Amino acid sequence: MDTRTTPPAPPVPPVFELRVGGLRLTIQRVPYRLLTLAAAVGGPLAGATWFAR
């Protein structure tokens, strides 16, 4: 019987970390559905704003 164990994986660094005073916001992984929705809505709005000038 093999009694060796694998060492634990090192912790993954956060994707985004914001510290302002006592406020600390950490995003560990990107929610891809939210990112896709923001790009789908924000892209056309930004384009319409840019070309309306």
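Reply: Buried means under 20% relative accessible area, exposed means over 50%, and partly exposed lies in between (1.4 Å probe, protein chains only). By that rule, 0% of the 53 residues of the protein chain count as buried. This is a predicted model, in which local features need pLDDT of at least 70, side-chain atom pairs count only at pLDDT 80 or more, and totals for chains, interfaces and linings use all residues. Residues are numbered from 1 along each chain as its sequence is written, and side-chain values use heavy atoms, with hydrogens and water left out.

From the N terminus on, the elements run β-β-α, where helices (H or I, at least four residues) and strands (E, at least two) are DSSP runs numbered from the N terminus. E1 and E2 run antiparallel and are joined by five bridges, and two strands pair if DSSP finds at least two bridges between them. Within this pairing Glu17 stands opposite Thr26 of E2, while Gly21, in the hairpin with two residues between the strands, takes a positive phi near 60°.

The patch itself is formed by Val15, Phe16, Leu18, Val20, Leu23, Leu25 and Ile27, which together have about 590 Å² of accessible area, computed by the Shrake-Rupley method with a 1.4 Å probe, where for residues only the protein chains shown count as cover. Strand E1 (16-20) and strand E2 (23-27) are the elements that give two or more residues to the nonpolar patch. Patches are made of residues with over 30% relative accessible area and no salt bridge, with like charges joined within 9 Å and nonpolar side chains (Val, Leu, Ile, Met, Phe, Trp, Tyr) within 5 Å; a salt bridge is a side-chain nitrogen of Lys or Arg within 4 Å of a carboxyl oxygen of Asp or Glu. Ile27, which lies in strand E2, counts as partly exposed because its relative accessibility is 32%.
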